[in-house]
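Hi,

Here is the structure I said I would pass on to you.

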Amino acid sequence: MIVKQSDHSANALLVIPEDADDLFTLRRMVAPGDYAIADTTRVVKQESEYGRPDRGERVKVRLTIRVDRVELDASVDRLRVSGTITHTSNELVSKGVHHALSVQAGDVLTIDKGRKWQDVELRLLRRSGDGSSSFILVAIDTQEAAVARVTGTHVKIIPNIYSGQQGKRYPATTKNASLDSFFADTAKTVSSVLSEGDRIIVFGPGETRRRFYNALDRNGLPKERAQVVDGVDVAGEDGVFVFLRSPAMKDAMSASKLATVSAMLDQVMLMVNRGENKYAVGLKDITDAASIKAVEAIIFSDSVFKTADEEAVVRLLNSVESYGAKTYAVDSSTDIGLRVSSLGGMVALLRYAVR
């Protein structure tokens with residue numbers, strides 16, 4: 001998440017969420033009574049003296065709303081911030097009426113607390129805005145390639161790219177020309193999602209992965225920010241998911257949030273098998289452990305909001321952050337998110353056994 005001081009007031013910060021993790025962070029941080037400022041659109045209807053109001057036109061406007069409700073939608077790809085309009089840049093839009101801002105990744109939002117920001121709130125923002133790198137995954141063989149971007153614990157996969165080759169029935173010269181074109185198309189796709197600081201990880205069966213790696217320079221990609229990973233012999237979209245479940249992922253992405261969460265889940269599974277009690281599952285047990293400051297880290301998925309009170313979850317997460325515990329949001333775009341969902345949507349590592 002990009003975080004900057006806003007010129008709106010001394011207590012206002014400008015934020016730009018970059019992924020689903022950042023939307024989770026904003027959900028925990030924006031509270032009723034805050035002021036949210038954003039550019040949006042609103043339908044304005046013109047009324048004549050003797051006629052009915054027209055259907056109206058949608059106008060762009062910058063609104064300030066006093067927040068009365070914050071919620072994630074069912075698909076967890078946007079945050080809904082609702083409240084009463086207190087200021088508007090267009091006189092056709094009335095103050096005092098209700099409006100809902102829909103915030104997605106890439107949108108600009110200014111938050112004014114009207115007070116000094118609490119330490120836990122600033123800590124959440126700093127952790128989301130620490131500039132940690134994302135990873136571009138390329139799962140490739142001679143026939144297909146998939147490109148995916150991993151940001152935090154969220155994975156976005158771009159549809160497969162196909163080379164058009166069909167085995168051995170083409171002459172070698174035709175195959176090489178076809179592969180050059182295929183590599184160029186794949187590199188173009190990588191360039192479309194590559195940001196400054198991102199790392200590129202290439203894998204797949206055979207030697208195609210190394211040939212693509214060697215072709216990075218001539219296709220305009222930074223070879224010094226790329227690496228080839230062995231041990232994942234599947235290409236395309238399936239290859240991406242195989243890699244994310246493999247030991248190779250933890251080695252290649254050891255500093256990533258995804259690798260950290262994966263290692264924590266493996267630790268929980270190991271404790272379950274050993275009969276150790278330094279873990280908790282579900283909102284109730286974790287809340288009980290948090291009440292005595294026994295929680296070391298919490299992993300939660302979007303599914304927990306479907307079965308538990310959203311405000312209760314937010315209070316729990318903020319309370320453990322206040323005494324130094326870590327919290328990690330995951331979603332169903334990865335196998336890790338599905339594993340957490342199958343465990344009730346929330347898992348915690350404990351500092352000591354509580355039962």
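One definition before we start: the expected span of a helix is 1.5 Å times one less than its number of residues. Keep in mind, too, that this is a predicted model.

Now try that on helix H7, which covers residues 257-274. How far does H7 reach from its first C-alpha to its last? The reach is 26 Å for 18 residues, close to the 26 Å expected at 1.5 Å a residue. The buried residues of H7 are Leu-258, Ala-259, Val-261, Ser-262, Met-264, Leu-265, Val-268 and Met-271. Just after H7 comes Gly-275, with a positive phi of about 75°.

For the overall picture, the protein has 11 helices and 16 strands. It has 355 residues, and 45% of them are buried. If you take the contacts with a separation of 6 or more, 67% are between residues 24 or more positions apart.

Next, a pair of helices. Two packed helices are described by the angle between their axes and the distance between the axes. For H8 (residues 283-291) and H10 (residues 310-322), the angle is about 35° and the axes are 10 Å apart. Their crossing is left-handed. On the H8 side the contact is made by Leu-283, Ile-286, Thr-287 and Ala-290, and on the H10 side by Ala-312, Val-313, Leu-316 and Val-320. Sorted by class, that contact has 7 nonpolar residues, 1 polar and no charged ones.

Follow the chain on from H8 and you reach the loop between H8 and strand S14 (295-301), where Lys-293 sits. Its phi is near 55°, a positive value in a residue other than glycine. Is Lys-293 buried or exposed? Its relative accessible area is 52%, and exposed means over 50%, so Lys-293 counts as exposed.

Last, take a look at Glu-121, in helix H2 (residues 119-128). Glu-121 has a relative accessible area of 8%, so it is buried. What does its side chain make a polar contact with? The partner is the side chain of Lys-113, at 3.3 Å. A polar atom of the Glu-121 side chain also lies 2.9 Å from the backbone nitrogen of Gln-118. Setting aside neighbours within four places in sequence, Glu-121 is in contact with Met-29, Lys-113 and Arg-115.

Cheers

Definitions and conventions: Residues numbered from 1 in each chain as written. Predicted model: local features only at pLDDT ≥ 70, side-chain atom pairs only at ≥ 80, totals over all residues. Heavy atoms only, no water. Axes fitted to C-alpha atoms, helices over the stretch in contact; angles between N-to-C directions. Helix = DSSP H or I, 4+ residues; strand = E, 2+ residues; numbered from the N terminus. Left-handed = near helix turned anticlockwise from the far one by under 90°. Contact = heavy atoms within 4.5 Å. Nonpolar A, V, L, I, M, F, W, Y, C, P; charged D, E, K, R; others polar. Buried < 20%, exposed > 50% of the residue type's maximum accessible area, 1.4 Å probe, protein only. Polar contact = N/O pair within 3.5 Å; in protein donor to acceptor, adjacent residues only side chain to side chain.
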